[in-house]
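Subject: Structure handover

Hello,

Please find the structure below, followed by notes on what was found in it.

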Amino acid sequence: MISNLVLKGKAIKLGDNISTDDIVPGRFTHLRSNLPELAKHVMEDAMPEFASRVKALSAAGESKAILVAGKNLGLGSSREHAPVVIKMSGVGAILAKSAARIFFRNAINQGIPVLLCDTDKIGNGDELEINLTGGMIANLTSGITLSCSKMPPIMSAILKEGGLIPYIQKHKSFKL
Amino acid sequence: MSKTLAEKILSLKSHGEAKAGDVVIVDVDWAFVQDSTGPLTIRQFKESGFEALAKPQQTIIFLDHAAPSPAQQLSNDHILLRRFAEETGCRIYEVGDGICHQLVAEQFANPGDVILGSDSHTVTAGALGAFATGMGSSDVAVALALGKTWFRVPESFLIELNGVFPRGVYAKDLVLYLIGQIGADGANYKALEYSGEALAQMLMPQRLTIANMAVEAGAKVGLFPGDKITQDFLVGHRRGDNYQPLYPDAEANYEQVISLNLDRLEPMLSLPHTVDNVHPVTQVKGVKIQQAFIGTCTNGRLEDLAVAAEILKGRKRHPSIRLLIAPASRQVLIQAIKKGYIQNLIEAGAIILPPGCAACLGLHQGVLGDGEVCLSTANRNFKGRMGNPEAMIYLASPATAVASAIRGEITDPREFT
């Protein structure tokens, strides 16, 4: 269950077309049954310092690392390991201009908020305040407020329960 | 209400009226996992407290990605998957049987079926008119237990195909060109629906190649209508009774219409590191390659090996090239042996890999070295895809791949066809 509907954090900015091979490269497939080991390689090819930056931000206290990407985030494979390792690294939310459909659904199923907005208005290191219920993002660094596109109610319900597995454990089936 | 093919199938399977934008709960006919995403799916299934499968005979495990396994961890994942099959009574296909999408096409998919796979190229079965799509482990785990999933009904793009392929131009060139036009996210969340006069000449292997890459434009499905070719394929694969002529209504509402004339196509390539970075082969000729790879769920079928064997007959690969061939299934391999293709290929200097995903995803059987270039018939050329972020992958048809393997550099296949 996601209880905190307002999330504060700092942006870690990535570019367009970050593929699931960037997030969790196929050469580490042998580690997929050892998620803590797999998570050490998160985003290794796209941004080698990603894991240490997320860790540094998370250690700072209330603030969380927010992954901010360009268009078509998570294109490629259906591997749910991609949002799993992003979550394990300590990222609190994902923002992107657009997200590939399987990745988007997988991230929500893992209980990670994914919000689609104009991420050009967010700079690396910007301080953000995300209102999950209203779908609004306040960029505290620039003073700009961004609105996000809405997701179908069933996805909001899954996210609210903390992911698809907790949702199904509670409801036993899909509720429209 | 006039319906697209996507709306028609989702209406049937949700037992109601499904129109683009609606969210519906549908019956799942086939659900499958493969060995790189299956272990997480099974753990999610057990974590949810599920014990039994909703439809054991319509649940399939494929051991195709690490086939045979190159690492002890992956061998242990295979043990986990085999145990799950024993416990639940689902179907399992072993190492060496072939790629999940090829086996689904050969043995299971029917027009109007809903097929979920924990693999993004599940869209391949859209060639048979199945609403087949890739999903993550949690979604598939829940579908295994409930026999149902939810979908947002996609808007559709109509892809009108007219004309005939010129010499040296194939379905792969068409689909690469199309992705170059649409862009890697241009059809995100959408259905691609193929139509037009060209379909009458387009056999199932070509349709499978085209449907396979729908996801590379972001699409949820790539659907072909049911016709004589669909029916013949099903009859030839001992399930002719499952044929139904499903096609969109004439007045269906399409978000976009894209028309392509096959006559005007030429051999195409995707350049590193995105699939939509598409250029004609004539613009890229001469780039040195170290490896050529023919296979995968995109181009590992009998007809692909036939093209390769025909061009290589009496010729040899360039001495500096590794030419890897992975048939998409055991059936494909057996037929290729009977027809003499395998002998031609081996005599030309090719290495025959076991049926499976082989070098495609960077696990084994052809991992690239730093700075090396591979010309592959697969569907993805992302940085790091073939096991090394310092390597480059170009995507092309089997004809372009073998022509380039003969010369040692990217070569227009029309020089040999």
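Where does B:Gln365 lie? B:Gln365 is in the loop between strand S16 (350-352) and strand S17 (373-376) of chain B. Helices (H or I, at least four residues) and strands (E, at least two) are DSSP runs, numbered from the N terminus.

Some conventions before the rest. This is a predicted model, in which local features need pLDDT of at least 70 and side-chain atom pairs count only at pLDDT 80 or more, while totals for chains, interfaces and linings use all residues. Residues are numbered from 1 along each chain as its sequence is written, and chains are lettered from A and ligands numbered from 1 in the order in which they are written.

Backbone points in chain B

B:Gln365 has a positive phi of about 55° although it is not a glycine. B:Gln365 is buried, with 22 other C-beta atoms within 10 Å. (A residue is buried if 20 or more other C-beta atoms lie within 10 Å of its own, exposed if 12 or fewer, and partly exposed in between; C-beta atoms are placed from the backbone.) B:Arg238, also not a glycine, has a positive phi of about 60°. B:Arg238 sits in the loop between helix H8 (228-236) and S11 of chain B, and is exposed, with 9 other C-beta atoms within 10 Å.

There are cis peptide bonds to look at as well. One joins B:Ala67 and B:Pro68, with omega about -5°; B:Pro68 is in the loop between strand S3 (59-62) and H3 of chain B. Another runs from B:Pro272 to B:His273, with omega near -5°, and B:His273 is in the loop between strand S12 (268-270) and strand S13 (278-280) of chain B.

Sheets

In chain A, an open sheet of 7 strands has the order S4-S3-S2-S1-S5-S6-S7, with mixed pairing. Two strands pair if DSSP finds at least two bridges between them. Strand S4 (114-116) and strand S7 (145-147) of chain A are at the edges, each with a single partner strand, so one side of each has no neighbour in the sheet. Strand S6 (residues 136-139) of chain A pairs with S7(A) in the antiparallel sense over 3 bridges, and A:Ile137 stands opposite A:Leu146 in S7(A).

In chain B, an open sheet of 4 strands has the order S10-S9-S8-S11, with parallel pairing. Its edge strands are strand S10 (221-223) and strand S11 (256-261) of chain B. Strand S8 (residues 156-162) and strand S9 (residues 191-195) of chain B pair in the parallel sense over 5 bridges; B:Ser156 stands opposite B:Ala191 in S9(B).

Contact between the chains

39 residues of chain A are in contact with 47 residues of chain B, where contact means that the C-beta atoms of two residues, placed from the backbone, lie within 7 Å. On the side of chain A that touches chain B, helix H1 (20-23), helix H5 (101-109) and helix H7 (164-171) of chain A each give two or more residues. The largest share, 5 residues, comes from H5(A). That side of chain A divides into 12 nonpolar, 17 polar and 10 charged residues. Ala, Val, Leu, Ile, Met, Phe, Trp, Tyr, Cys and Pro count as nonpolar, Asp, Glu, Lys and Arg as charged, and the others, Gly among them, as polar.

Regards
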